[in-house]
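Here is a friendly walk through one chain, from the overall fold to a few side chains. Have a look at the model first, then read on.

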Amino acid sequence: MEFTKSLVKGKLVKRYKRFFVDVKLSKEKKIVTAHCPNTGSMKGLLDKDNDVYVLPNNNPKRKLKYGLEIIKTRKNLVGVNTHMANRIAQHAL
């Protein structure tokens, strides 16, 4: 699956207020707040220190500079952006 920009790897710190996740970026060693597009419970995916992949966004109209795309749990990659579900399924087929 190809994204419009390169994904940035990090570690999940916590999720709060349904739409926000704190992520510790691997390269910069800093904690950023990313938008979580999936408002569901995502039980089992939100364990602290799970590998996550966020998509950077430089749009000045957006409040958050990153968006959560993928969470890795138990050696599986799970797409959490519900807007990408059809594209991921099409790519798999």
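A residue counts as buried under 20% relative accessible area, as exposed over 50%, and as partly exposed in between. Please keep in mind that this is a predicted model. With that scale, Y16 is partly exposed, because its relative accessible area is 26%.

| Residue | Relative accessible area | Class |
|---|---|---|
| D51 | 15% | buried |
| Y16 | 26% | partly exposed |
| F20 | 28% | partly exposed |

Let us step back to the whole chain. The secondary structure comes to 1 helix and 6 strands, in the order β-β-β-β-β-β-α along the sequence. The radius of gyration is 13 Å, close to the 12 Å that the globule rule gives for 93 residues, so the chain is as compact as a globular protein of that length. Of the 93 residues, 33% count as buried. Among contacts with a separation of 6 or more, 48% come from residues 24 or more positions apart.

Now for the aromatic side chains. How many aromatic pairs does the structure hold? There is 1 aromatic pair. The ring centres of Y16 and F20 are 5.9 Å apart and their planes meet at 35°, so the pair is tilted.

Finally, D51 lies in strand β4, residues 51-56. The side chain of D51 makes a polar contact with the side chain of K11 at 2.8 Å. Beyond four places away in sequence, D51 touches K9, G10, K11, I70, I71 and K72.

Methods: Residues numbered from 1 in each chain as written. Predicted model: local features only at pLDDT ≥ 70, side-chain atom pairs only at ≥ 80, totals over all residues. Heavy atoms only, no water. Helix = DSSP H or I, 4+ residues; strand = E, 2+ residues; numbered from the N terminus. Buried < 20%, exposed > 50% of the residue type's maximum accessible area, 1.4 Å probe, protein only. Polar contact = N/O pair within 3.5 Å; in protein donor to acceptor, adjacent residues only side chain to side chain. Contact = heavy atoms within 4.5 Å. Phe/Tyr/Trp six-rings, centres within 6.5 Å; stacked < 30°, edge-to-face > 60°. Rg over C-alpha atoms; globule rule 2.2 N^0.38 Å.
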